[in-house]
Amino acid sequence: MSDPHDSGHHWPTRPHILDRRSVARSRLFHVEELDLRFANGAERTFERLTGSGQGVGAVMIVAMPDPEHVLLIREYAAGFEEYVLTLPKGLVDPGEDLVTAANRELMEECGFGAHRIEPLVELSLAPNYMRHRMQVLLATDLYPKRLPGDEPEPLIVETHAIDELSGLLAREDFHEARAIAALFIARDKLRSEAPDDTGLW
């Protein structure tokens, strides 16, 4: 990933880290405090959430069984104590590359593999508090293939038209920002590559 500070723009000097402390740690999360001094002399203490796992990243997959539809999963979200509709996703295991991890997660959560997987974009989540990054990949040319996963119950897989995102946004169970951004990015990519006479858009 390129460093914006190397792009020739004038950027503020990064604050100096005076100290860092571990505040709490669980199986999944590590809370850390940072004492910072900014270029103007102001000092603040920030808290951030980092992962405690050994994975090397995470992937989210826009999987399309045909040119007009995308696979979504319905899973329990403990943060909201509700079932939500989202894209298949998961951690990259040690030793995996992004494509291998995306294909494995797709097989575990949706029961499909993909002959073609290509990176789309990297997204962050609440960067003021987390350094988590999610790699979004587009999966096409699907074939049936299921692998056992670590989900506590079978996930419900739904097929939705990628050109009807406004309808998805109107639903109360579809609100994950990364999934929304991923679908719009994938849709725009597909539109830009579609021949003008297809009538798809």
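Which strands do the buried residues of α1 pack against? The structure is a predicted model, in which local features need pLDDT of at least 70 and side-chain atom pairs count only at pLDDT 80 or more, while totals for chains, interfaces and linings use all residues. Residues are numbered from 1 along each chain as its sequence is written, and side-chain values use heavy atoms, with hydrogens and water left out.

Helix α1 comprises the 13 residues 98-110; helices (H or I, at least four residues) and strands (E, at least two) are DSSP runs numbered from the N terminus. At the start of α1, the backbone nitrogen of Val-99 has a side-chain oxygen of Asp-97 within 3.3 Å. Gly-111, with a positive phi near 80°, follows α1.

Of the 13 residues of α1, 10 are buried (under 20% relative accessible area; exposed is over 50%, partly exposed in between, with a 1.4 Å probe and protein chains only). Among them are Ala-101, Leu-106, Met-107 and Cys-110. The buried residues pack against β4 (58-63), β5 (69-77), β7 (89-91), β8 (112-124), β9 (133-144) and β10 (156-161), contact being heavy atoms within 4.5 Å.

The whole structure contains 2 aromatic pairs (rings of Phe, Tyr and Trp, the last by its six-membered ring, with centres within 6.5 Å; planes under 30 degrees apart are stacked, over 60 edge-to-face and the rest tilted). The ring centres of Phe-38 and Phe-46 lie 6.2 Å apart with planes at 45°, so this pair is tilted. Tyr-76 and Tyr-83 form an edge-to-face pair, 5.4 Å centre to centre with 65° between the planes. Tyr-76 is partly exposed at 45% relative accessible area, and Tyr-83 is partly exposed at 40%.

Methods:
Expected span 1.5 Å × (residues − 1). Polar contact = N/O pair within 3.5 Å; in protein donor to acceptor, adjacent residues only side chain to side chain.
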